[in-house]
Amino acid sequence: MQNVLVNGLDGIGDGARTIALVVFVAVNLFYIGGVVLKRSSDFVDRWTSTWLATSIVAVALGTGVPMATGLLKLALGGHSNPVPVQSVTTK
């Protein structure tokens, strides 16, 4: 049961990071494209606050959700890829 929860948390963290990265890149490409194509201060004045807020939210979700899932995994005491421990015997 614990492995299922840990793997689920891994999936949630990875998915959130991927979605946040795609949103961040797309929003910035659209904004840069708009600035280059429009070349007007009206466009910049109108869309800068929206662009900035969206970028900040994307970065916050892209870092916050994986961090939260990592802390939950730590609390559960699980690892997604556990390292096998080899026993050492002495003579």
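**View 1: L21 has its place in helix α1.** Helices here are DSSP runs of H or I with at least four residues, strands are runs of E with at least two, and both are numbered from the N terminus. L21 is exposed, at a relative accessible area of 55%; exposed means over 50%, buried under 20%, and partly exposed in between, using a 1.4 Å probe and protein chains only. Keep in mind that this is a predicted model, where local features need pLDDT of at least 70 and side-chain atom pairs count only at pLDDT 80 or more, while totals for chains, interfaces and linings use all residues. Residues are numbered from 1 along each chain as its sequence is written, and side-chain values use heavy atoms, with hydrogens and water left out.

**View 2: L21, F24, V25, L29 and V59 make a nonpolar surface patch.** The patch covers about 440 Å², and helix α1 (residues 2–38) gives the largest share of it, 4 residues. To join such a patch, a residue needs over 30% relative accessible area and no salt bridge; nonpolar side chains (Val, Leu, Ile, Met, Phe, Trp, Tyr) are joined within 5 Å, and like charges within 9 Å. Areas come from the Shrake-Rupley method with a 1.4 Å probe, and for residues only the protein chains shown count as cover.

**View 3: N28 is a buried residue of helix α1.** Its relative accessibility is 14%. The N28 side chain reaches the backbone oxygen of F24 at 2.7 Å. Setting aside neighbours within four places in sequence, N28 is in contact (heavy atoms within 4.5 Å) with W51 and S55.

**View 4: D10 and K73 form a salt bridge.** That term stands for a side-chain nitrogen of Lys or Arg within 4 Å of a carboxyl oxygen of Asp or Glu. The closest N and O atoms of D10 and K73 are 2.4 Å apart. D10 lies in helix α1 and K73 in helix α2 (residues 41–76), so the pair ties together parts 63 residues apart in sequence. D10 is buried, with a relative accessible area of 16%, and K73 counts as buried at 16% too.

**View 5: R17 and D14 form a salt bridge.** The structure holds 2 salt bridges, and in this one the closest N and O atoms are 3.1 Å apart. R17 and D14 are 3 residues apart in helix α1, which means about one helical turn separates them. R17 is partly exposed at 43% relative accessible area, and D14 is partly exposed at 41%.

Note on methods
Polar contact = N/O pair within 3.5 Å; in protein donor to acceptor, adjacent residues only side chain to side chain.
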